[in-house]
Amino acid sequence: MQKHAYLIIANRNPGQLQTLLTLLDDSRNDIYLLVDRKSVGYSRDFQLNYATLFSVSPLVIDWGSYSQIEAEMRLFQAAAPGKYAYYHLLSGLDLTLANQDEIHAFFATHPGKEFITYSSLESGAQLLARVQKYHFTHNFRQPNKAMRLFRKIEKAEQRVFPVRRKLQNKLAFGSQWVSLEDDLVQVLAAEEEQIRVMFNRGFLVDELLVPTMLNLHPEFKEKVYYDQPVHDRPEEFQGNLRYINWWDGSPYTWREKDYETLLAARQQGHLFSRKFDAEIDSVIIDKIADKILEAKQ
């Protein structure tokens with residue numbers, strides 16, 4: 001039996017996270033959970049009957065900063081010794097759209113493939129601007145007007161005088177949420193220092209990590225399951241198998257009225273989706289979970 005590892009980054013809604021964990025609760029899975037250190041009072045008392053849950057040391061995760069890659073790398077490195085068939089990176093606001101029998105059957109019929117979503121929405125110059133050496137990199141969502149002005153000036157200066165131009169032909173852009181086979185994860189875990197040097201002063205670099213590493217290791221590009229870039233349209237297939245609605249939000253939060261849309265996404269081949277938020281609409285979470293658990297019985 002080839003086991004899968006689910007790698008989860010969470011920062012809120014522990015009750016909702018319990019629902020996700022219940023959907024992943026299967027003896028064929030190990031679950032690695034990293035909670036944002038800013039999440040004060042976050043419950044760790046989760047109930048699982050079959051899967052093993054591992055807690056990964058937390059860190060402060062700031063939007064747009066290298067800390068997002070650091071969280072991912074901690075999870076990859078924690079799980080890599082297990083040499084799993086697949087590693088699925090999820091957020092705590094995700095749900096599965098299929099049960100574990102369906103998910104394992106799908107990946108068993110596509111061994112060795114890499115499941116990522118490429119995006120066509122940014123130019124090489126825009127991607128290069130992301131990896132420049134920015135100052136005050138821990139907080140890109142800055143409420144201070146003076147700091148926001150500084151950010152604009154700094155980004156303009158970086159576009160005119162890029163210091164990492166040699167990376168321009170290597171950079172690629174896509175969703176940070178991926179499902180990867182073991183060989184690529186072992187490479188990621190082994191090249192932590194190179195990854196840190198490339199990205200640690202950048203902006204929104206989490207969306208560059210895996211696509212860029214595929215360019216640096218082209219032997220893995222041949223294994224990508226679906227390499228057509230998306231343009232954020234509802235009819236497109238997303239190669240990471242995660243149905244994420246960027247055309248209505250950043251991303252849009254699913255609601256009860258979207259139930260049939262999510263069922264259609266499952267029929268299209270998507271096994272996961274985000275984002276869900278129990279504080280906005282808990283009914284859609286319950287309906288999706290009930291549908292999946294009912295199907296497995």
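Analyst: Start with helix 10, which spans residues 259-268. Tyr 259, Leu 262 and Ala 265 of this helix are buried. They sit on the same side of helix 10, because they cover an arc of only 115 degrees around the axis. That arc is taken from the directions that run from the helix axis to the C-beta atoms. Now turn to the other side of helix 10: Glu 260 and Gln 267 are exposed there. Buried means under 20% relative accessible area, exposed means over 50%, and partly exposed lies in between (1.4 Å probe, protein chains only). Helices (H or I, at least four residues) and strands (E, at least two) are DSSP runs, numbered from the N terminus. Just after helix 10 comes Gly 269, with a positive phi of about 120 degrees.

A word on the source. This is a predicted model, in which local features need pLDDT of at least 70 and side-chain atom pairs count only at pLDDT 80 or more, while totals for chains, interfaces and linings use all residues. Residues are numbered from 1 along each chain as its sequence is written, and side-chain values use heavy atoms, with hydrogens and water left out.

Next, the loops on either side of helix 10. Pro 251 lies in the loop between strand 7 (242-244) and helix 10. A cis peptide bond links Ser 250 to Pro 251, with omega at about -10 degrees. Another cis peptide bond links Arg 274 to Lys 275, and its omega is about 5 degrees. Lys 275 belongs to the loop between strand 8 (272-274) and helix 11 (283-296). Most peptide bonds are trans, and most residues other than glycine have a negative phi.

That brings up two more residues. Asp 232 is not a glycine, yet its phi is positive, at about 60 degrees. Look for Asp 232 in the loop between helix 9 (218-221) and strand 7. Asp 232 is partly exposed, with a relative accessible area of 24%. Lys 83 also has a positive phi, near 45 degrees, and is a residue other than glycine. The loop that holds Lys 83 runs between helix 2 (67-79) and strand 4 (86-91). Lys 83 is exposed, at 56% relative accessible area. Beyond residues up to four places away in sequence, Lys 83 touches Asp 182 and Gln 186. Contact means heavy atoms within 4.5 Å. In sequence, Lys 83 and Ala 5 are 78 residues apart. In space, their C-alpha atoms are 9.1 Å apart.

Now the helix pairs. Helix 2 packs with helix 6 (residues 182-190) at an angle of about 120 degrees. Their axes are 9 Å apart. Axes are lines fitted to C-alpha atoms, for helices over the stretch in contact, and angles run from 0 to 180 degrees between N-to-C directions. This crossing of helix 2 and helix 6 is left-handed. Left-handed means that the near helix is turned anticlockwise from the far one by less than a right angle, and right-handed means clockwise. On helix 2, Met 73, Phe 76 and Gln 77 meet Val 185, Leu 188 and Ala 189 of helix 6. By class, that contact of helix 2 with helix 6 has five nonpolar, one polar and no charged residues. Ala, Val, Leu, Ile, Met, Phe, Trp, Tyr, Cys and Pro count as nonpolar; Asp, Glu, Lys and Arg as charged; the others, Gly among them, as polar.

Helix 7 (residues 192-199) and helix 8 (residues 209-216) form another pair. Their axes come within 12 Å and cross at roughly 115 degrees. The crossing of helix 7 and helix 8 is right-handed. Helix 7 brings Gln 194, Ile 195, Met 198 and Phe 199 to the contact, and helix 8 brings Leu 209, Thr 212, Met 213 and Leu 216. Six of these residues are nonpolar, two are polar and none is charged.

Ile 31 is buried, at 0% relative accessible area. Setting aside neighbours within four places in sequence, its contacts include Tyr 6, Leu 24, Leu 48 and Phe 54. Ile 31 and Phe 54 are 23 residues apart in sequence, but 6.0 Å apart from C-alpha to C-alpha.

Finally, step back. The protein has eleven helices and eight strands. Of its 297 residues, 54% count as buried.
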